[in-house]
Amino acid sequence: MGTPLDGRDDPGDGWFPESVAAEYDDPGGDNAPAVVDPAVRVLAELADGGPLLEFAVGTGRIAAPLAARGLPVSGIELSRAMALRVSGKPGGDAVRVVLGDMTSTRVPGAFSLVYLVCNTISNVTTQDGQVAVFVNAAAHLRPGGLFVVEVGLPDLRRLPPGQDTVPFTVAPDPRGGGSLGFDQYDVVTQQFTSTHVSVSADGQGRFRRIPFRYAWPAEMDLMARIAGLHLRSRWAGWDRSALTAESTRHVSVWAAP
């Protein structure tokens, strides 16, 4: 998995060890209320009282606010460093977290909603593994329960012939330093890697490269069908707007029989 970023990192935590977990809850970005609140609101509505199960619960960015609403929430998380931070959030002490792989780990109970947000389905880098995620989600659902995935759409329309790389952030810091991020695609295998480069104001640099696998919505519909689920809704975001050719992500909802 590459060289750990510092001596505190446990290789068993995968791509989200302590050095990543320590910064994961920094303000802004995906942690901004404008991002978190709509997701929590929609998931709470879809759950219809719960219980809910989050695959790759992380530090509880979504699970804790749901639990703070009084909903029963459980989570599966591979990284111990991430999972240890859930209880520190308002509502997080009520979230039941199980350490494990979302492709196979089972949590006791039958759930009204299983959800997987913030591109995390792409962290599973094989088609078989992604199918296993759908199968595992379906196994946790009670009759009529829902599986929700939020994931970005691959930015292939920006690739001219002969180019395989697309930048997703170029952010200089007025105080010095800044960050750069880009995705490199293999359109044959559907593999891509995200590269993150950051330089602090004092000149210290950090480099991270993370593998992913992209899948189009139609492929995910087939994964859902294999798992015994059927598509109920698909939106361009948590505002439930229509998915179009210009959309950069989708929120899809599949239902159990």
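How many bridges join strand 7 to strand 8, and do these strands run parallel or antiparallel? The legends below take up this point and others in a predicted model.

**View 1. Strands 7 and 8 side by side in the model.** Strand 7, which covers residues 178–186, is joined by nine bridges to strand 8, which covers residues 191–199, and the two strands run antiparallel. One of the residues to look for is glutamine 184, whose bridge partner in strand 8 is threonine 193. In general, the strands of a sheet pair through backbone hydrogen bonds, and this pairing may be parallel or antiparallel.

**View 2. A salt bridge between glutamate 23 and arginine 206.** The side chains of these two residues meet at 2.6 Å, taken from N to O. Because glutamate 23 lies in helix 1 (residues 18–24) and arginine 206 lies in strand 9, the pair ties together parts that are 183 residues apart in sequence. Glutamate 23 is partly exposed, at 39% relative accessibility, and arginine 206 is also partly exposed, with a relative accessible area of 28%.

**View 3. A salt bridge between glutamate 150 and arginine 249.** Here the side chains meet at 3.3 Å, again from N to O. Glutamate 150 is part of strand 5 (residues 141–152) and arginine 249 is part of strand 11 (residues 249–255), so this pair ties together parts that are 99 residues apart in sequence. Glutamate 150 counts as buried, at 9% relative accessibility, whereas arginine 249 counts as partly exposed, at 25%.

**View 4. A salt bridge between arginine 213 and glutamate 219.** The two side chains meet at 2.9 Å, N to O. Arginine 213 has a relative accessibility of 6% and counts as buried, and glutamate 219, with a relative accessible area of 15%, is buried as well.

**View 5. A nonpolar patch on the surface.** The patch is formed by Val135, Leu222 and Ile226, which together have about 270 Å² of accessible area. Isoleucine 226 lies in helix 6, which covers residues 217–226. Isoleucine 226 is described as exposed because its relative accessible area is 54%, where the term exposed requires a value over 50%.

How values were computed. Residues numbered from 1 in each chain as written. Predicted model: local features only at pLDDT ≥ 70, side-chain atom pairs only at ≥ 80, totals over all residues. Heavy atoms only, no water. Patch = residues over 30% accessible without salt bridge, like charges linked within 9 Å, V, L, I, M, F, W, Y side chains within 5 Å. Areas by Shrake-Rupley, 256 points an atom, 1.4 Å probe, with all protein chains shown as cover. Salt bridge = Lys/Arg side-chain N within 4 Å of Asp/Glu carboxyl O. Helix = DSSP H or I, 4+ residues; strand = E, 2+ residues; numbered from the N terminus. Buried < 20%, exposed > 50% of the residue type's maximum accessible area, 1.4 Å probe, protein only. Pairing = 2+ DSSP bridges.
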